[in-house]
Amino acid sequence: MSEIKFTEIPGYKWIPNGQSNLSGSILELFKSLDAMFLKIASAAQAREFYFPPFIQAAELNKLDYFKSFPHLITFPVALDQNDAKNLEKFTEGPRFGDGKVHLTEIDKVCDCLTPAACYHFYIHFQNQDLQEPLHLTTRANCFRRELYYKPLQRQWSFNMREIVCIGPQDHVRGFVKKYRDIVTEKLAKLDLGISWEVATDPFFNPESNPKFIMQQLDPVKHEMIFNKDLSIGSTNFHKDYFGESFNIKYQGETATSACIAFGLERWLFAIITRYGTNPAHWPMKEIQNG
Amino acid sequence: MKTELEIKETLRQWVLKKSKKVTDAELSFDTHLLETRILSSLHVMELILEVEKIKGSKFNLKAIKPGAFNTIDSIYASFFGSAT
């Protein structure tokens, strides 16, 4: 497979701060892929949600997120307005220069930009005792700080579609297996040459993090690897980790959960790498019929 | 050097002391410790130290294979099997 010339993709523009603008043909491809994932989600009658971009830091703290992933997190910040002089200081100061904003005092930071789409569900359903298993789906604009960015492959801001199941262990285990089979079948139709590989989450200082050691000892994450090194999606069997962290019960017992995640921009990259930059060669019918 | 049975029983007693999720009668050498979450991730970190203490040497965390801490039997096979 040859290297993509991103300037040749109709409707595509890379922004070097780790984001992509989409319009025209590539936006159509993006929408069709997401519609395909939604169709996959509908096999489980998954209920669709829209979530806003912020997550309260107090909620992520329940997952020990700041210890596990400090390198990935992005915080929305605002100038402190409690002291009126602070705004004056800002407006009278250099405000902007050398490619960056010269902030004065910032207000306390209590929120984070969404790092993964499915977190919203565990927060939304916390402290509930479910009587039926839940099947859910959402697409979220996710934010992960990285040391470097690459168009459609490694972005600060990207779209993640997830299908989530929360319920009893056997049901959730069956959900993961069923969806892995469904996704494998779709991938075969698109001829992307994906392999499934066991993976761990990208922990900070992994060897001193019990959660990483646990993932190593008892693998719960399987990634769809394109072109030998790019993960375009994953299945994640969380066991009762989120159930315990957010006190979600299923008929009185701690609930189990799992999710199937698709990175939309990475799917665009896989399709374009495989089929070229000319939209006439993209497998739109296979995707739309998917 | 402790016998196989002594090492496994030491590990079994350690699990019973640390975990509130299993009783003496329920816990055998082939009981699944992770799948059933008898042991949490923090327990596993402590258990690694305990295994190192019994064995008398440290081991490379990166080299631990999936499944090594599934049961007391698998812990014994992974870290003591060839030495006793």
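Predicted model: local features only at pLDDT ≥ 70, side-chain atom pairs only at ≥ 80, totals over all residues.
Local features were taken only where pLDDT is at least 70 and side-chain atom pairs only at pLDDT 80 or more, while totals for chains, interfaces and linings use all residues. Residues are numbered from 1 along each chain as its sequence is written, with chains lettered from A and ligands numbered from 1 in the order in which they are written.

Helices here are DSSP runs of H or I with at least four residues, and strands are runs of E with at least two, both numbered from the N terminus. In chain A, the axes of helix 1 (residues 24-42) and helix 9 (residues 264-275) come within 10 Å and cross at roughly 115°; axes are lines fitted to C-alpha atoms over the stretch in contact, and angles run from 0 to 180 degrees between N-to-C directions. The crossing of helix 1 of chain A with helix 9 of chain A is right-handed, a term used where the near helix is turned clockwise from the far one by less than a right angle. Helix 1 of chain A contributes A:Ile26, A:Leu29, A:Phe30, A:Leu33 and A:Asp34 to the contact, and helix 9 of chain A contributes A:Leu264, A:Trp267, A:Leu268 and A:Ile271. Two residues are in contact if their C-beta atoms, placed from the backbone, lie within 7 Å. By class, this contact has eight nonpolar, no polar and one charged residues, with Ala, Val, Leu, Ile, Met, Phe, Trp, Tyr, Cys and Pro counted as nonpolar, Asp, Glu, Lys and Arg as charged, and the others, Gly among them, as polar.

The helix pair leads on to the cores. A nonpolar core is a set of buried Ala, Val, Leu, Ile, Met, Phe, Trp, Tyr and Cys residues joined through C-beta atoms within 7 Å; buried means 20 or more other C-beta atoms within 10 Å of a residue's own, exposed 12 or fewer, and partly exposed in between. The largest core has 63 residues, and A:Leu33, A:Met160, A:Trp267 and A:Leu268 are among those with the most contacts inside it. Its largest share, eight residues, comes from helix 1 of chain A. Another core, of 17 residues, lies apart from it and includes B:Val15 and B:Phe79.

Strand pairing requires at least two DSSP bridges. In chain A, strand 9 (residues 134-143) runs parallel to strand 3 (residues 47-49), joined by three bridges, and antiparallel to strand 10 (residues 157-167), joined by 10 bridges. A:Phe49 has A:Thr138 as its bridge partner, whereas A:Cys142 is partnered by A:Phe158. Elsewhere in chain A, three strands form an open sheet of mixed pairing in the order 8-14-15.

Between the chains, 11 residues from chain B and 11 residues from chain A make the contact. The chain B side has nine nonpolar, one polar and one charged residues.

A:Asp64, between helix 2 and helix 3, has a positive phi near 60° and is partly exposed because it has 14 C-beta neighbours inside 10 Å. A:Asn227, between strand 12 and strand 13, has a positive phi of about 55°; with 16 such neighbours, A:Asn227 is also partly exposed. A:Asn205, between strand 11 and helix 7, counts as exposed because it has 11 C-beta neighbours inside 10 Å.
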